[in-house]
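Keep the structure open while you read.

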Amino acid sequence: MSLLGKLFGTGGKAGKGPSPQEAIQRLRETEDMLTKKQEFLEKKIEQELSTARQHGTKNRRAALQALKRKKRYEKQLAQIDGTLSTIEFQREALENANTNTEVLKNMGYAAKAMKAAHENMDIDQVDDLMNDITEQQVVAQEISDAISKPVGFGEDFDEDDLMAELEELEQEELDKNLLEIGGTTPVPLPNVPSTSLPAGNHEETPLSVLSPWFGFSFYHGVGACLKPLWCTFSFWGRSASLLH
């Protein structure tokens with residue numbers, strides 16, 4: 001029989017011990033009782049102190065008896081303070097133990113639930129499943145890439161050939177513009193001079209004398225006459241280069 005069993009009259013075979021909740025409740029009730037006893041003793045100490053002051057020098061014997069009772073009450077009050085500290089410590093320890101018990105109980109319950117959840121699962125099956133998922137993701141990505149590619153027949157063209165054709169079209173447009181400029185610009189005809197040619201050898205007549213007679217500068221006339229001819233040569237020369 002344990003020491004507590006001897007003190008409280010219970011043996012090891014008397015039955016199951018109290019639960020932590022019951023013990024905590026008992027300790028709280030004891031704390032309430034001792035707290036009320038404290039308040040009572042404090043009042044008694046105040047009364048005895050007042051009695052000792054009233055008698056004072058008039059009745060020293062009564063005053064001394066009142067002070068003695070006050071000392072006993074103070075001693076009891078100090079004992080109750082110590083008892084309350086011990087009970088409070090024990091109650092807090094029981095509350096912590098009860099909390100730990102509930103926590104462990106809930107953790108055990110959660111562990112059982114987790115075990116039941118994993119009962120039909122195998123790590124090899126999980127690995128196979130993850131491999132299947134990864135493989136299907138790769139297939140899905142390949143399908144998405146194939147769908148996103150532009151599809152068309154006969155669209156395999158050489159970029160160099162396209163650029164050469166574009167340059168030919170640009171050159172044709174440029175030659176066409178040059179021909180239009182050369183063909184539409186009218187060449188002004190010279191006016192008939194009002195003065196007669198100077199007498200003498202016309203072969204030796206200077207150009208400065210002949211230019212007023214032609215009505216325009218010799219160089220201007222030659223340039224205007226040669227301009228259409230130059231455009232024609234330029235067009236055939238570029239066409240020959242494109243054919244080669």
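Q: How far does helix α3 reach from its first C-alpha to its last?
A: This is a predicted model. Helix α3 covers residues 60–117, which is 58 residues. At 1.5 Å a residue, 86 Å is expected. The span in the model is close to that, at 85 Å.

Q: Which helix is included in what covers the buried residues of α3?
A: The buried residues of α3 include A63, A66, K70, Y73 and L77. Also among them are R91 and N98. Their cover includes residues 20–55, helix α2.

Q: What percentage of the residues in the protein is buried?
A: The protein exposes about 20,700 Å². Carbon and sulfur atoms supply 58% of that area. Of the 244 residues, the buried share is 11%.

Q: Which residues does I80 contact, leaving aside its neighbours within four places in sequence?
A: I80 belongs to the largest nonpolar core. It is also one of the buried residues of α3. Beyond its sequence neighbours, its contacts are L34, K37, Q38 and L41.

Q: Is Q38 buried or exposed?
A: Q38 sits in helix α2. Sequence neighbours within four places aside, it touches L77, I80, D81 and L84. Its relative accessibility is 14%, and the cut-off is under 20%, so Q38 counts as buried.

Q: What distance separates the C-alpha atoms of D81 and Q38?
A: D81 is found in helix α3. At 35% relative accessibility, D81 counts as partly exposed. Along the chain, D81 and Q38 are 43 residues apart. Their C-alpha atoms are separated by 8.0 Å.

Q: How many residues apart in sequence are the parts tied together by R28 and E95?
A: Side chains of opposite charge can pair when their charged atoms come close. R28 and E95 form a salt bridge, with the closest N and O atoms 2.8 Å apart. R28 lies in helix α2 and E95 in helix α3, so the pair ties together parts whose separation is 67 residues.

Q: Are E31 and R91 buried or exposed?
A: E31 forms a salt bridge with R91, the closest N and O atoms being 2.9 Å apart. The pair links E31 in helix α2 to R91 in helix α3, 60 residues apart. Both E31 and R91 are buried.

Q: Which residues do salt bridges that share partners join into one network?
A: E95 and R91 also meet in a salt bridge, at 3.1 Å from N to O. They are four residues apart in helix α3, so about one helical turn separates them. Shared partners join these salt bridges into one network: R28, E31, R91 and E95.

Q: Which residues form a nonpolar patch on the surface?
A: L104 is found in helix α3. At 58% relative accessibility, L104 counts as exposed. The patch has about 310 Å² of accessible area together. Its members are V103, L104 and M107.

Technical notes
Residues numbered from 1 in each chain as written. Predicted model: local features only at pLDDT ≥ 70, side-chain atom pairs only at ≥ 80, totals over all residues. Heavy atoms only, no water. Helix = DSSP H or I, 4+ residues; strand = E, 2+ residues; numbered from the N terminus. Expected span 1.5 Å × (residues − 1). Buried < 20%, exposed > 50% of the residue type's maximum accessible area, 1.4 Å probe, protein only. Contact = heavy atoms within 4.5 Å. Areas by Shrake-Rupley, 256 points an atom, 1.4 Å probe, with all protein chains shown as cover. Patch = residues over 30% accessible without salt bridge, like charges linked within 9 Å, V, L, I, M, F, W, Y side chains within 5 Å. Salt bridge = Lys/Arg side-chain N within 4 Å of Asp/Glu carboxyl O. Core = buried A, V, L, I, M, F, W, Y, C linked by side-chain atoms within 4.5 Å.
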